[in-house]
Amino acid sequence: MQTDFLNPPIPHAIAAASHPAAPGYYRQLLEQPGIHYCPELRMWIAAHASDIMEIFNSPACAVRPPAEMVPAALGSGSTAQIFQQLIRMNEGQTHATGKRILQDCLQQLDGQRVQQTTEQVAHRLAAALAETQTPPASHPAQYKLSATAMNQLVRDLPLYVVAELSGCPEYLIPEIRSHIAAFVHALSKPGDAVAIAAANQAAQALLHTFTQLAESELAADSLLAQIHLKARKSGGMPAEAIIANCIGLLSQTYEASRGLLQASLMYSTHYPAVFLQVLQQPDLINDWVAEVCRLHSPVQNTRRYVTTATHIGNTYLPQDAVVLLLLAAANIDTAIHEQACEFRLQRPQRTLYSFGYGRHACPGQQLACQITATATRLAGTWSLALDQWQVSYENSANGRLPVWTHTKETA
Ligand code: HEM
């Protein structure tokens, strides 16, 4: 594919995830029919929504290659021990039992509690990071935050909220966050021995903390208490799998939710008039978050491994083929959305591929969107120079993770 018009050019579909010009690249891919093979990545690339749905629904396409359930490069330490238990990385009965439990518990979360927890955490973090606090009586929460402070706030906020909802005591959460960061970092760098060593230490600490929490007096309505209770009742999940998947909820939250919140705030500078309308009419915030997510998907792609040779559309995929599913491209597929690259607050039938689909679909979608909606409305009232900050993207194989820099900080 010709990409020299993009500066710098995008060498392949994985590099698109953190490239500013990704939408143009995906649009070009969508002009070609079907799935194609990328010799550089040694992967098949699926961009069309119809192909991606077929792959998600196919029993021949699994989340891990059966011969390598844990990436060999992760070794056999605590990182691998958690990884192999995650429902995200399993198929069959192991996946189905755990999925049902996590899904039920996440669905039962009370929306008001999520909103209150998000507001409290946002105030706490903003107060600690703010350059100045100007709380006039009419505006009790006017914080002035630098680009660096906001990067830290959006990075921490979703994880802190999910940790609090899980029942983690407040004083432990900063430490849990840094362990989750080390764990997630190593998963995206399977060849990096230093990252894996750090992740193993972090994973060991997480296993210890979450085992102790399970043995402590957890609040009955906390996510962890609910998960342990349901898992014990169902009987189909070993203790170590329950602990690993409780940690998994936080690792799944960490980067993607941060990416969505940051995009939501970024878009307020792209569409200021629409954003003002959203601030004035709170019932529009869910549409806002969904449309931002569609156009700036925090998870850009995911992978499937072909366990038995199969056809997707007209393309034959041999056994052991690896397919990269471009969720962000499917979001702007014109077969699904009219004027697919335009921001339209109220689309009659919006379909989001960012959270996956089918048996592995994200059970945290509603929670992630609620946290983003609440935090966006709140931060919309703060004193942020968002329109003066430059945006770059963190290097990532599948996340679209903006980083703000104040123009003075780049000089
Ligand atoms: C904006 C935020 C988020 C995005 C874009 C996102 C996206 C995704 C995607 C695309 C998948 C499926 C991957 C695949 O099929 O290959 C997934 C799975 C998953 N997500 Fe999320 N996620 C987000 C937030 C969360 C949160 C907040 C939680 C939990 C609190 C969560 C928990 C999970 C779990 C447990 C799975 C594995 C499900 C399974 O394999 O059946 N996610 N997520």
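1. The axes of helix α11 (residues 239-270) and helix α15 (residues 365-379) approach within 9 Å and cross at roughly 35°. Axes here are lines fitted to C-alpha atoms, for helices over the stretch in contact, with angles running from 0 to 180 degrees between N-to-C directions. The crossing of α11 and α15 is right-handed, a term used when the near helix is turned clockwise from the far one by less than a right angle. On the α11 side the contact is made by Ala256, Ser257, Leu260, Leu261, Ser264 and Leu265, and on the α15 side by Ala368, Ile371, Thr372, Ala375, Thr376 and Ala379. Contact means that C-beta atoms, placed from the backbone, lie within 7 Å. By class, this contact has eight nonpolar, four polar and no charged residues. Ala, Val, Leu, Ile, Met, Phe, Trp, Tyr, Cys and Pro count as nonpolar, Asp, Glu, Lys and Arg as charged, and the others, Gly among them, as polar.

2. On the basis of the model: it is predicted, local features need pLDDT of at least 70, side-chain atom pairs count only at pLDDT 80 or more, and totals for chains, interfaces and linings use all residues. Residues are numbered from 1 along each chain as its sequence is written. Helices (H or I, at least four residues) and strands (E, at least two) are DSSP runs, numbered from the N terminus.

3. The ligand is surrounded by 25 residues, and the closest are Ala256, Gly356, His360, Cys362 and Gly364. Elements giving two or more residues to the shell are α5 (92-107), α11 and α15. The largest share, seven residues, comes from α11. The shell divides into 14 nonpolar, nine polar and two charged residues.

4. The largest nonpolar core has 116 residues, of which Tyr26, Ala46, Leu157, Ile227, Leu250, Val323 and Leu326 touch the most other members. Its largest share, 15 residues, again comes from α11. Such a core is a set of buried Ala, Val, Leu, Ile, Met, Phe, Trp, Tyr and Cys residues joined through C-beta atoms within 7 Å. Buried means 20 or more other C-beta atoms within 10 Å of a residue's own, exposed means 12 or fewer, and partly exposed lies in between, with C-beta atoms placed from the backbone. Leaving out residues up to four places away in sequence, Tyr26 touches Ala16, Ala47, Leu326, Ala328, Ala329 and Ile332.

5. Ser166 belongs to helix α7 (residues 147-166). Ser166 counts as buried because 25 other C-beta atoms lie within 10 Å. Beyond four places in sequence, Ser166 is in contact with Ser222, Leu223, Leu224, Cys246 and Leu249.

6. Eight of the eleven residues of helix α13 (residues 285-295) are buried, and the helix is mostly covered. The buried residues are Ile285, Trp288, Val289, Ala290, Glu291, Val292, Cys293 and Arg294. Their cover includes α11, α12 (272-280), α14 (327-331) and α15.

7. Asp320 sits in the loop between β8 (315-317) and β9 (322-326), and counts as partly exposed because it has 13 C-beta neighbours inside 10 Å. Gln339 is in the loop between α14 and α15, and is exposed, with 10 other C-beta atoms within 10 Å.

Note on methods: Contact = placed C-beta atoms within 7 Å. Near = placed C-beta within 6 Å.
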